[in-house]
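Here's a quick briefing to read alongside the model. Keep the sequence and the 3D view open as you go.

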Amino acid sequence: MLTPRDNERITRVGRGTAMGELMRRYWMPAALSTELAVDGAPLRVKLLGEKLVAFRDSAGRVGVLDEFCAHRCASLFLGRNEDNGLRCVYHGWKYDVEGRLIDQPTEPPGKEFKDRIRLTAYPTIERGGVVWAYMGPAGRMPPPPDFSWAVVPESHRFVEKSWQECNWLQALEGGVDSAHVGWLHRTMGSLTSDPGVGGIWSQPRTTADEVEETDYGHLYASTRHLADGRKWVRIYHFIMPFHVQFALELGHGESGWTTQERYIPQASGNMWVPMDDENCMFYTWTAKYGVEPLTAAERECRARIGGRGPGEQLANYRKRRNKDVDWMIDRAKQRTATFSGVDGIATQDHAVQESMGPIVDRSREHLGATDRAVVVMRRIMLDAMNTIEQGGDPPGVGNSYYDVFARERILPGDADWRTELRPRCFRKAAE
Ligand code: FES
Ligand SMILES: [Fe+2]
């Protein structure tokens, strides 16, 4: 539970808000690299409540600029991306990727005032198939976002995105809540070919979670006890401010998780990037860390699990199964095939999180033992906002904290995950 004041503080991200200023200290995913072609159409991007436009110039550089022209504020989304700059279609003013006005054709020769104009432009970097922008104070930029998943070859990586119509934090909270997986995402028996979880995921009593604070956020171990006396331990990492990584090593079938005891060094994860207070962009990735690349079937499986199979997305990455159509919940399927009746694992997450309303009122909650990772995460964030307000640096930005790995193993019942599994989380997964 949070007080109404803390709930406001922790969810709102506009410039000048406590969380907004904290967010601005990290690299923010702005677009997928594939969305921006050289001299291609500019893209509207909303980040932390700011309306921006992204484009890739003739030299391949990416600009993320204020959406509105400095002249009379026409949208540069309409602009012409040509010859190393974005030209406003209203009167022809043209900007480079750093927001400099490089042509002002409406002014008489010698009377231009180009040098006095600078459009807001954020530094960008590309890693892992994602364009990242830094919107924070100059001189406080963190190291490049060299996450373990972002530095594997493209052949070993999958990344996609989808628009989620609720506040970023209630979405992120689903990412550090292992207990829901065996319920919300459950499939029932062999009746269905829908992606989902069965077998050892659906124990009647779900998990025992242990949370350990780290200098980048927290890691937590989620333990499920198996009928044969062993236990299945999965490690999740929460990395400030909105990243979650989870293990995907145990035999992963094409219709979801299976329980073959075959470990593939791979992980998956999500980022819930605030567009504004009531919308976020959900980025999801999978990375293989060994020699083998991701196969076409595995990519397709990830897309299907993510609810982004063929025909599943509308314009602007909106889900076809969105809140206006009650996520297309199918009551017959809910009785016979899937626990939720909603198709697609990510769509199931989006449905419950969007169903809470645009910003959930956390003063009404009743948290239990399996919400521990959520509670610790909120405290880390509330502390980090105080740190920023006192002029300090939030967790992780001072040194690179990107090289962590999510792991899982089935261990003997009396094994200690701290000695058996934890060390693997800080070692290259392929080793
Ligand atoms: S509004 Fe853009 S050039 Fe005039
Ligand atoms: Fe989920």
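What follows covers confidence, helix packing, salt bridges and some backbone details.

This is a predicted model, so local features need pLDDT of at least 70 and side-chain atom pairs count only at pLDDT 80 or more, while totals for chains, interfaces and linings use all residues. Residues are numbered from 1 along each chain as its sequence is written, chains are lettered from A and ligands numbered from 1 in the order in which they are written, and side-chain values use heavy atoms, with hydrogens and water left out.

**Confidence**

- The protein chain averages a pLDDT (the predictor's confidence in each residue, from 0 to 100) of 90, and 91% of the residues score at least 70.
- Residues 190-194 stay under 50, and the model gives them 11 contacts (heavy atoms within 4.5 Å) beyond four places in sequence.
- Residues 253-257 are also below 50 in pLDDT, with 21 contacts in the model beyond near neighbours in sequence.

**Helices packing on α8**

- Helices (H or I, at least four residues) and strands (E, at least two) are DSSP runs, numbered from the N terminus.
- Helix α3 (residues 168-175) packs against helix α8 (residues 372-389) at an angle of about 135 degrees, their axes 10 Å apart; axes are lines fitted to C-alpha atoms, for helices over the stretch in contact, and angles run from 0 to 180 degrees between N-to-C directions.
- That makes α3 oblique to α8; under 35 degrees counts as roughly parallel, over 145 as roughly antiparallel, 65 to 115 as roughly perpendicular and the rest as oblique.
- On the α3 side, Trp168, Leu169, Leu172 and Glu173 meet Val374, Met377, Arg378 and Met381 of α8.
- By class, the α3 contact with α8 has 6 nonpolar (Ala, Val, Leu, Ile, Met, Phe, Trp, Tyr, Cys and Pro), no polar (the others, Gly among them) and 2 charged residues (Asp, Glu, Lys and Arg).
- Helix α1 (residues 4-11) and α8 have axes that come within 10 Å and cross at roughly 75 degrees, which makes α1 roughly perpendicular to α8.
- Here Asp6, Arg9 and Ile10 of α1 touch Arg378, Met381, Leu382, Met385, Asn386 and Glu389 of α8, and by class that contact has 4 nonpolar, 1 polar and 4 charged residues.

**Salt bridges**

- The count comes to 39 salt bridges, each a side-chain nitrogen of Lys or Arg within 4 Å of a carboxyl oxygen of Asp or Glu.
- Glu126 pairs up with Arg56 in a salt bridge, the closest N and O atoms being 2.8 Å apart.
- Glu126 sits in strand β10 (residues 124-127) and Arg56 in strand β3 (residues 50-56), so the pair ties together parts 70 residues apart in sequence.

**Backbone details**

- Most residues other than glycine have a negative phi, and most peptide bonds are trans.
- The Met240 to Pro241 peptide bond is cis, with omega near -5 degrees, and Pro241 is in the loop between β15 (231-239) and β16 (243-247).
- Cys73 isn't a glycine, yet has a positive phi of about 70 degrees; Cys73 is in the loop between β4 (62-66) and β5 (80-81).
- Tyr317, not a glycine either, has a positive phi of about 65 degrees, and Tyr317 is in the loop between α5 (296-305) and α6 (331-336).
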